[in-house]
Amino acid sequence: MESYLIVAVIVVLFLVWRMKPIKGVRTITTAKLKTILNDKDKLFVDVRTPGEYRGRSLKQFKNIPLGSDFSRLPKDKEIIVICQSGMRSSQACKQLKKLGYENVTNVRGGMNAY
């Protein structure tokens, strides 16, 4: 019984760690996203699968699934990243930061919240 408790605590700590904001990545709500969707100085990236993107997407977002090569994206624009729930976009933001992108924003809650 004690080992189950230890495993449960480890799982909870791992999940909390995964939800921790990424240093240097801004987070916006979908309400804020709606106000900036037509900003030509921003690059909007949807990291969901092509099937998810075809099912429901925002025309301003370019579909670049998680796991793709993000290094070809311009570094002179703010990159706004969305997925279905905010988890994959958070991972994509981490990857972008590791590649040296400075101006990266994650959409909290993703398409579920839109």
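User: Is asparagine 106 buried or exposed?
Analyst: Asparagine 106 counts as buried because its relative accessibility is 9%; buried means under 20% relative accessible area, exposed over 50% and partly exposed in between, with a 1.4 Å probe and protein chains only. This is a predicted model, in which local features need pLDDT of at least 70 and side-chain atom pairs count only at pLDDT 80 or more, while totals for chains, interfaces and linings use all residues. Residues are numbered from 1 along each chain as its sequence is written, and side-chain values use heavy atoms, with hydrogens and water left out.

User: Where does asparagine 106 lie?
Analyst: Asparagine 106 belongs to strand 5, residues 104–107. Helices (H or I, at least four residues) and strands (E, at least two) are DSSP runs numbered from the N terminus.

User: And what is asparagine 106 in contact with?
Analyst: Leaving aside neighbours within four places in sequence, its contacts are Val25, Arg26, Thr27, Ile28, Val81, Gly86, Ser89, Ser90 and Cys93. Contact means heavy atoms within 4.5 Å.

User: Ser89 is in that list. Where is serine 89 found?
Analyst: Serine 89 is part of helix 4, which spans residues 87–98. Serine 89 counts as buried because its relative accessibility is 0%. Not counting residues up to four places away in sequence, serine 89 touches Val47, Val81, Ile82, Cys83, Asn106 and Val107.

User: Which strands does strand 5 pair with?
Analyst: Strand 1 (residues 25–28) runs parallel to strand 5 and is joined to it by four bridges. Strand 4 also pairs with strand 5 in the parallel sense, over three bridges. Two strands pair if DSSP finds at least two bridges between them. Threonine 27 stands opposite asparagine 106, and isoleucine 80 stands opposite threonine 105.

User: What about strand 2: how many of its residues are buried?
Analyst: Five of the five residues of strand 2 are buried, so this strand is largely enclosed by the rest of the structure. Lys42, Phe44 and Asp46 are on one side, with Leu43 and Val45 on the other.

User: And what are its partners?
Analyst: Strand 2 pairs with strand 4 in the parallel sense over five bridges, and leucine 43 has isoleucine 79 of strand 4 as its bridge partner. Strand 2 and strand 3 (residues 61–63) also pair in the parallel sense, over three bridges. There, phenylalanine 44 stands opposite phenylalanine 61.

User: What does phenylalanine 70 touch?
Analyst: Not counting residues up to four places away in sequence, phenylalanine 70 touches Val47, Ile64, Pro65, Ala92, Gln95, Leu96, Leu99 and Tyr101.

User: Where is isoleucine 36 placed?
Analyst: Isoleucine 36 is in helix 2, residues 30–36, and is buried, with a relative accessible area of 12%. Isoleucine 36 and isoleucine 80 are 44 residues apart in sequence and 9.9 Å apart in space, C-alpha to C-alpha.

User: Which lysines lie over tyrosine rings?
Analyst: The charged end of lysine 34 sits over the ring of tyrosine 114, 4.9 Å from its centre. Lysine 75 lies over the face of tyrosine 101, at 5.0 Å from the ring centre. A charge sits over a ring if NZ of Lys or CZ of Arg is within 6 Å of the ring centre and within 35 degrees of the ring normal.

User: Finally, in what order do the elements of the chain run?
Analyst: From the N terminus on, the order is α-β-α-β-α-β-β-α-β-α, with five helices and five strands in the chain. Of the 114 residues in the chain, 34% are buried.
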